[in-house]
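I opened my notebook to record what I looked up, one entry at a time. Each entry starts from something I wanted to know.

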Amino acid sequence: ILSGFLYAAVMFILMTVVSCDEGGSDKKSPFNSYVPVLNGKLFYAAEDPDNAAYGRELWTSDGTSDGTAMVKNINASSNEGSYPGYFIVCNGKVFFTADDGENGNELWVSDGTENGTRMVMDIYPGTGASVPYNFVVFKNKLYFVANDGTSGAELWVSDGIETGTFMVKNINETAGDPSQPDHFTVYRGKLYFAADDGTTNGVELWVSDGTANGTTLFCNINANTADNVSSSPAGFTELDGKLYFAATDSSGDRELWVTDGVAGDGHTYMVKGFNSAGSGNPDNLKVFDGKLCLTADDGNGNELWVYDADKNTAVNLDINTADDGDRDPSGFTEFNDRLYFAATDGGGDRELWCTDGTVSGTFPVANIYDSGSSSPDFLTVYDGALYFAADDGANGVELWATDGDSASRVKDIYTGSGS
């Protein structure tokens, strides 16, 4: 069922079913790391080298060769293509960015048909590009960041038609200076994000109900106005009804914070410090088995930790105890009651690991590259297996899969050492 496909399975289907010519050069190369599904079809950016008249354009596929086709030649003025990107499904349509050669990089929408694929609005009038990004669905509408050429990068909303597309609020009212909203997350019916209002507050925690009046500074975490510094909140993750994130307070240390969504003292605070001598720099927050898995540095390198909110305790799973140094776990993906990720061991090799949330239950799954790093990436669960991209040192970066106990290459899509 196509709705179950994510990156790994999608890449495999598009590179094999859609067809490859001899030598492994894929005929229609997928361009984006996220491929959405709408009405049983995949939406992605691709180019067809068999037709030099078209560049990289919008394509759809139902997983068969006959059901794979270009939706529309958006940039018909040249063979460079419109370079669609930032795909997201919202209210029965796929929103994305594209450049038609006349209006710059703008917001587009498609229902999968040529006639139903159109520019929503020329946000930056003329040939200038509004460059929409940071897409998030909130209250059945698309919220995003765009530059109208006057206010800079600010918070916008769209329902898919021009009259329903507008700037929610000019947060940074300094002419031409952007607030650059970032790290959008929906929590308790509101949209939380980081933004800079251009005052001495710097980049702080904001909240919006989708209206201009309801878009306000939620908490000035780093109140050190003398240096105009920021708390730069990021990594918002909900656990047990509370929102956890990383932030930098007025001491300059970056640690784990929490809020219950209520404004005022005592409701937003630092909940855990990982490094008593500086910043723990928590990152990659992921809920697993009722706890919060994350990366942090206690002064001995960036490691995998498990935070228990009920006990307010954190355990260092210590991927390698041989020496200090960064292990940089990343790509956390839950599969078969374990959390899988890529990490670097004490020898400097990056391989596939897993954990059940305990020290004894944290170990490498497979040594894919015997004398180097296989660097697993794009971990995706599909049809009872965990798919990922990895390099075994002989066949380049290819599609691999694991059942949780061992790993094997699915197919050498690009035959030989090519990826």
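Does asparagine 367 count as buried, partly exposed or exposed? I looked up its relative accessibility, keeping in mind that the model is predicted. The value is 46%, so asparagine 367 counts as partly exposed; the cut-offs are under 20% for buried and over 50% for exposed.

**Entry: around asparagine 367**

I then asked where asparagine 367 sits. I found it in the loop between β28 (362-366) and β29 (377-382). I also checked its distance to alanine 407.

**Entry: the whole chain**

Next I stepped back to the protein chain. I read off one helix and 32 strands. The chain has 419 residues, and 49% of them count as buried. I looked at contacts between residues at least 6 apart in sequence, and 42% of these join residues at least 24 apart. The chain exposes about 18100 Å². Carbon and sulfur atoms supply 44% of that area.

**Entry: glutamate 204**

Which side chain of opposite charge is nearest to glutamate 204? I found arginine 254, at 8.9 Å. Glutamate 204 is buried and has no salt bridge.

I placed glutamate 204 in strand β15, residues 203-208. I then looked for a polar partner. A polar atom of the glutamate 204 side chain lies 2.9 Å from the backbone nitrogen of isoleucine 221. I also listed what glutamate 204 touches, leaving out residues up to four places away in sequence. Among them are Phe193, Ala194, Leu217, Cys219, Ile221, Val229, Ser230 and Pro233.

**Entry: salt bridges**

How many salt bridges are there? I counted three.

I took glutamate 47 and arginine 56 to begin with. Their side chains meet at 2.6 Å, N to O. Glutamate 47 is partly exposed, with a relative accessible area of 29%. Arginine 56 has 11% relative accessibility, so it counts as buried.

Then I turned to arginine 327 and glutamate 303. Their closest N and O atoms are 3.7 Å apart. Arginine 327 lies in the loop between β24 (313-316) and β25 (330-335), and glutamate 303 lies in strand β23 (residues 302-308), so the pair ties together parts 24 residues apart in sequence. I checked burial as well. Arginine 327 is buried, at 4% relative accessibility. Glutamate 303 is buried too, at 3%.

I finished with arginine 409 and aspartate 392. Their closest N and O atoms are 3.2 Å apart. Arginine 409 is in strand β32 (residues 407-411), while aspartate 392 is in the loop between β30 (385-391) and β31 (397-402). The pair links distant parts of the chain, 17 residues apart. Arginine 409 counts as partly exposed at 34% relative accessibility. Aspartate 392 counts as buried at 16%.

**Entry: aromatic rings**

How many aromatic pairs are there? I counted 13. The angle falls between the cut-offs of 30 degrees for stacked and 60 for edge-to-face.

I traced both rings along the chain. Tyrosine 86 is in strand β5 (residues 85-90) and phenylalanine 135 is in strand β9 (residues 133-138). They are 49 residues apart, and the pair links distant parts of the chain. Phenylalanine 135 counts as buried, at 15% relative accessibility. I also noted a cluster: ring pairs link Tyr86, Phe135 and Phe144.

**Entry: positive phi**

Last, I looked at phi angles. Asparagine 140 has a positive phi of about 60°, although it is not a glycine. I found asparagine 140 in the loop between β9 and β10 (141-147). It is exposed, with a relative accessible area of 58%.

Histidine 183 has a positive phi near 60°, and it is a residue other than glycine. I placed histidine 183 in strand β13, residues 182-187. Its relative accessible area is 35%, so histidine 183 is partly exposed.

Key: Residues numbered from 1 in each chain as written. Predicted model: local features only at pLDDT ≥ 70, side-chain atom pairs only at ≥ 80, totals over all residues. Heavy atoms only, no water. Helix = DSSP H or I, 4+ residues; strand = E, 2+ residues; numbered from the N terminus. Buried < 20%, exposed > 50% of the residue type's maximum accessible area, 1.4 Å probe, protein only. Contact = heavy atoms within 4.5 Å. Areas by Shrake-Rupley, 256 points an atom, 1.4 Å probe, with all protein chains shown as cover. Lys, Arg positive; Asp, Glu negative; His and termini not counted. Salt bridge = Lys/Arg side-chain N within 4 Å of Asp/Glu carboxyl O. Polar contact = N/O pair within 3.5 Å; in protein donor to acceptor, adjacent residues only side chain to side chain. Phe/Tyr/Trp six-rings, centres within 6.5 Å; stacked < 30°, edge-to-face > 60°.
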